[in-house]
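User: I'm new to reading protein models. Could you walk me through a few features?

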Amino acid sequence: KSDKHAVIKLVAKLMRSGLKSPYAACMLIRMTCKLLETSNDSSELLEFIESCLRHKSEMVVYEAAHALVNLNRSGIREIAPAISVLQLFCGSAKPALRFAAVRTLNKVAMTHPAAVTACNLDLENLITDSNRSIATLAITTLLKTGAESSVDRLMKQIATFVSEISDEFKVVVVQAIRSLCQKFPRKHAVLMNFLSAMLRDEGGLDYKAAIADTIIAVMEGNAEAKEAGLAHLCEFIEDCEHTSLAVRILHLLGQEGPTSKQPS
């Protein structure tokens, strides 16, 4: 690992020879990505990763797609072939492949939402997936790539099963709502009401803190949301199980409460 030239020679040799084991091919893709981070002449390395998108093993194909969308130098043109592969995986009969594809698309949507728009129809089909984790990721990805007119419909759909998913995926929903509030400020009332309902559900400290942070961020970014946000936070601390979070909210109320329209 410390001898860069030896690693380059090894990777070049393995790229030419071809590997029979899909596990070895995945490791080679990861080594190639490491070299791409420091290499000036990257064309051959990129071509190798792109060629792995046509590998007979689904594991290798996904590894190559995942690598391409996570490269720092990747733009929309570079990730287009990987997006096409992930789009195909969204329709796979294997839940693991569907989950891997939609989770990766969810991450790509944070930086290149326009590139993921082509997958919207496939993501719509995953909203009713029996695996709630897949359905949650599909909806939150659509929230990042969809239009303002689709927000109400998507929020109603996710409300039907949000109580059934783990805190980890609830946090993903909260993060999507946070970006939505920034993207569509006029939708703050609908989104804040949804967050308030989530605050009343059972959940751990990280989950509740993510909701509180989002409400506070919306209040700071949208003056019209301040009164509703303070009201939701006041209601929450009446029955808050987490002392550290309650202290933070009380501190905020002490700062913002006196300047609100109805301090009492």
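Analyst: Let's begin with domains, whose bounds come from an automatic or database domain assignment. Here 15 residues of domain 2 are in contact (heavy atoms within 4.5 Å) with 13 residues of domain 3. This is a predicted model, where local features need pLDDT of at least 70 and side-chain atom pairs count only at pLDDT 80 or more, while totals for chains, interfaces and linings use all residues. Residues are numbered from 1 along each chain as its sequence is written, and side-chain values use heavy atoms, leaving out hydrogens and water.

User: Where do the domains of the protein chain lie?

Analyst: Domain 1 covers 1-74, domain 2 covers 86-146 and domain 3 covers 158-263. Taken over C-alpha atoms, the centres of domain 2 and domain 3 are 26 Å apart.

User: How do I read the crossing of H9 and H10?

Analyst: Helices are DSSP runs (H or I, at least four residues), numbered from the N terminus. Axes are lines fitted to C-alpha atoms over the stretch in contact, with angles from 0 to 180 degrees between N-to-C directions. Helix H9 (residues 132-145) and helix H10 (residues 151-159) have axes that come within 10 Å and cross at roughly 160°. H9 and H10 are therefore roughly antiparallel (angles over 145 degrees).

User: Which residues of H9 and H10 meet?

Analyst: Thr 136, Ile 139, Leu 142 and Leu 143 in H9 meet Leu 154, Met 155, Gln 157 and Ile 158 in H10.

Notes. Helix = DSSP H or I, 4+ residues; strand = E, 2+ residues; numbered from the N terminus. Parallel < 35°, antiparallel > 145°, perpendicular 65-115°, else oblique.
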